[in-house]
Amino acid sequence: MSIKRPALLSLGSALLLAATAVPAQAGTPAPGTSHDRAAVVTRWYDVTAETVAAAGAPTQITNSRTWAISWIAAARAAGEAPAGRGRAAFQDAAVASAVHDALRALAPSQASRLDSALAATLKGVPDGRAERAGVAAGARQARRALAARQGDGLDPASVNASFPVPPAAPGVWQPTPAGYAPAQQYGNRLAKPFLLDSPSEYRLGPPPALGSRRYRADLAEVRAYGAKESTVRTARQTGIATFWYGGSLPLFTGPLRVAVTRSSAPAAERAALVALFHAALVDTQIATSDSKYTYLRWRPVTALRTGSIGTDPSWTPLHETPAHPDYPSGHATYAGAAETILTALTGARTAPFRLTSPTAPGVTRTYTAWHQLTRENVDARVWSGIHSRSADEAGVRLGAAVARHALRHADRLFSVR
């Protein structure tokens, strides 16, 4: 696998992303081993994942923000490294210091574990001026990255800002069974993006008109393939729907790790890959909620139970419907953005890698291309009975558009300040 530099991508100090075709290793070298310094980014990637899992917010976008802040700081700090003999030591110390300090501020309950991880990393970095300067750069850039995102509206309370349910009408979103929970993620569209000029910058056009040929086809497909007791959905399709029913952030942590661990680039470049991925995904989630709450399209379960096309009051989806409008699918926007970033920076294909899912215990799926993840997300949401195919396909387009914007403007993230 090779990481390519997009034509318009400038990562601060002319960073060049590169990767090898060597498969990712399952283990992490112990501090002080000959391969330890090459594993610093991978180790702190895992520390970030563990920290978010242990002390993460209940809102996905808030956790995406944690990743983005921590790794923007790391990429900026590592980008300060001077040329010469101590460059690698500086970058390793800078990445560890930046991620440590940012995570310590964002997840203070994990302070002791983070301190131990930093000490272990620095034990493997040669003592001296480069190490000290790298640690200082990491601390400085973490402070700046944190300060820049103060009050950005991505805390859980702001993300789930109150949204009054609109009067019931054909096509209009209403709370869905079984829990009939209030609307979620409305506040995303009010938050501050990382790189978008505004949440509505890539707002989608409207969904298919009620009663149109496409609308009828969408509804017929969900009715047949997304029903809990479907007689046409295959076991394989049910398995894919269940696998991708989990949250997008944990499901895509594995694919991004594959790209990072297979890279042979210096620490700054690999940190930039992680940072750009998550900044783009925060912006994608903001743009998704903007379109969702602009069009307020009802979910399939509401359309099938109360609509005018073959109403079936007892129709039940395979999986419970999330509490926000149908159009576009958030899973599909996430997948479209992730595919776009990974393809631009690493190429479309890679050696086989395996994924697991928290919603499909014991199941492992194997992939060789980022687009396979997107395609399965699109199908899965239909087979789960919770999205129309139009909502899924529109989501992929929106995610790709936001990610392309992030790639064009990446230099704004990585300029050393």
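**Cavities and pockets**

Modeller: Gladly! Keep in mind that this is a predicted model. The general idea is that rolling a probe the size of a water molecule over the atoms shows where empty space is left.

Colleague: How many cavities of 30 Å³ or more does a search of the whole structure find?

Modeller: The search finds one. The largest cavity holds about 130 Å³ of space.

Colleague: Which residues lie nearest the centre of the largest cavity?

Modeller: Look for Tyr-215, Arg-297, Trp-298, Asp-326 and Ser-388, which are nearest the centre among the 15 residues of its lining. With four residues, α7 gives the most.

Colleague: What classes of residue make up the lining of the largest cavity?

Modeller: There are nine nonpolar, four charged and two polar residues in the lining of the largest cavity.

Colleague: Thanks! Now the pockets: what volume does the largest pocket have?

Modeller: Its volume is about 720 Å³. The largest pocket is lined by 36 residues, and those closest to its centre are Gln-60, Gln-185, Gly-247, Ser-248 and His-331.

Colleague: Which elements each supply at least two residues of the lining of the largest pocket?

Modeller: Follow the helices α1 (40–55), α2 (60–79), α9 (248–261), α10 (267–295) and α12 (330–346).

Colleague: And how do the residues of the lining of the largest pocket divide by class?

Modeller: Here you will find 20 polar, 14 nonpolar and two charged residues in the pocket lining.

Terms used:
Residues numbered from 1 in each chain as written. Predicted model: local features only at pLDDT ≥ 70, side-chain atom pairs only at ≥ 80, totals over all residues. Heavy atoms only, no water. 1 Å grid on protein atoms, 1.4 Å probe; cavity = no way out; pocket = protein on both sides within 12 Å on 5 of 7 lines; lining within 4 Å. Points joined across faces, edges and corners; volume = space filled by probe spheres on them. Nonpolar A, V, L, I, M, F, W, Y, C, P; charged D, E, K, R; others polar.
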